[in-house]
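Please prepare a briefing on the structure shown below, grouped by topic and with the cut-offs behind each term stated once.

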Amino acid sequence: MEQTLSIIKPDAAAKNVIGKIIDRFESNNLRIAALKKLQLSKEDAQKFYDVHKNRPFFRDLVQFMTSGPVVVIVLEGENAVAKNRELMGATNPKEAKKGTIRADFAESIDANAVHGSDSLENAAIEISFFFGKRELI
């Protein structure tokens, strides 16, 4: 059983589509192993997205991710990383397949509704950033 991290970003939270996005996960055999809603601090966002610190979009990404609450979720299931990425759709919602989360709920490449781990290794790092072992059920 794989685990992966998903973040419902501030744009999707502001649209009140958290439940609709969670339903997509559960309807596709991804179980919620942990979930919490929180407001990222600037320091948290900078640390979480540190891999992008030298990219031109880093400052805007940090500003966006701290602009409102997010929902962080540990998803569990067979091929959870790949399944979650398929459900999310392309980073740019204009290129995302019809019926994906980003095609249905995202506004732009910057405000793209969700984040998902891109590998098992990164999933483990990202999950431990937000959750302690006691919180994973």
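Helix H5 is followed by Gly89, whose phi is positive, near 90°; helices (H or I, at least four residues) and strands (E, at least two) are here DSSP runs, numbered from the N terminus. The model is a predicted one, in which local features need pLDDT of at least 70 and side-chain atom pairs count only at pLDDT 80 or more, while totals for chains, interfaces and linings use all residues. Residues are numbered from 1 along each chain as its sequence is written, and side-chain values use heavy atoms, with hydrogens and water left out.

**Helix H5**

- The buried residues of H5 are Ala80, Val81, Asn84, Leu87 and Met88, where buried means under 20% relative accessible area, exposed over 50% and partly exposed in between (1.4 Å probe, protein chains only).
- Seen down the axis of H5, these buried residues fall within an arc of 130°, so they line one face of the helix; the arc is that of the directions from the helix axis to the C-beta atoms.
- The cover over the buried residues of H5 includes S1, helix H2 (18-27), S3, helix H6 (101-105), S4 and H7, with contact taken as heavy atoms within 4.5 Å.
- Asn84, found in H5 (residues 80-88), is buried with a relative accessible area of 0%, and, leaving aside neighbours within four places in sequence, Asn84 is in contact with Thr4, Leu5, Ser6, Phe25, Leu30, Leu75, His115 and Gly116.
- Val81, also found in H5, counts as buried at 9% relative accessibility, and its contacts, not counting residues up to four places away in sequence, are Glu2, Gln3, Thr4, Ser117, Asp118, Ser119, Leu120 and Ala123.
- Val81 and Gln39 are 42 residues apart in sequence, and their C-alpha atoms are 24 Å apart in space.

- S3 (residues 70-77) is mostly covered, with 8 of its 8 residues buried.
- In a regular strand the side chains alternate between the two faces of the sheet.
- S1 and S3 run antiparallel and are joined by 7 bridges, two strands being paired if DSSP finds at least two bridges between them.
- Within this pairing, the bridge partner of Ile8 in S3 is Val71, while Ile7 stands opposite Val72.
- S2 (residues 31-38) and S3 likewise run antiparallel, joined by 7 bridges, and Leu38 stands opposite Val70 in S3.
- S1 and S4 (residues 114-116) pair in the antiparallel sense over 3 bridges, with Ser6 standing opposite Gly116 in S4.
- S1 is mostly covered, as 5 of its 7 residues are buried.

**Gln3 in strand S1**

- Gln3 has its place in S1 (residues 2-8) and counts as partly exposed at 24% relative accessibility.
- Not counting residues up to four places away in sequence, Gln3 touches Ala33, Val74, Leu75, Glu76, Ala80, Val81, Leu120, Ala123, Ile127 and Leu136.
- One of these, Val74, is 71 residues from Gln3 in sequence, whereas the two are 6.5 Å apart in space, C-alpha to C-alpha.
- The side chain of Gln3 makes a polar contact of 2.9 Å with the side chain of Glu76; such a contact is a pair of N or O atoms within 3.5 Å, of which, within protein, one must be able to donate a hydrogen and the other to accept it, and residues adjacent in sequence count only if both atoms are side-chain atoms.

**Helix H4**

- In H4 (residues 58-65), the residues Phe58, Leu61, Val62, Phe64 and Met65 are buried.
- Viewed down the axis of H4, its buried residues fall within an arc of 165°, so they line one face of the helix.
- The face of H4 turned away from the buried side carries the exposed residues Arg59 and Gln63, while the buried residues pack against S1, helix H1 (10-14), helix H3 (42-48) and S3.

**The largest pocket**

- About 750 Å³ of space lies in the largest pocket, a volume being the space filled by probe spheres set on the grid points, which are joined across faces, edges and corners.
- On a 1 Å grid over the protein atoms alone, a pocket is an open set of points with protein on both sides within 12 Å along at least five of seven lines, whereas a cavity is a set of points where a 1.4 Å probe fits but cannot get out; lining residues have an atom within 4 Å of a point.
- The largest pocket is lined by 25 residues, of which Tyr49, His52, Phe57, Leu61 and His115 lie nearest its centre.
- H3, H4, S4 and helix H7 (120-130) each supply at least two residues of this lining, and the largest share, 4 residues, comes from H7.
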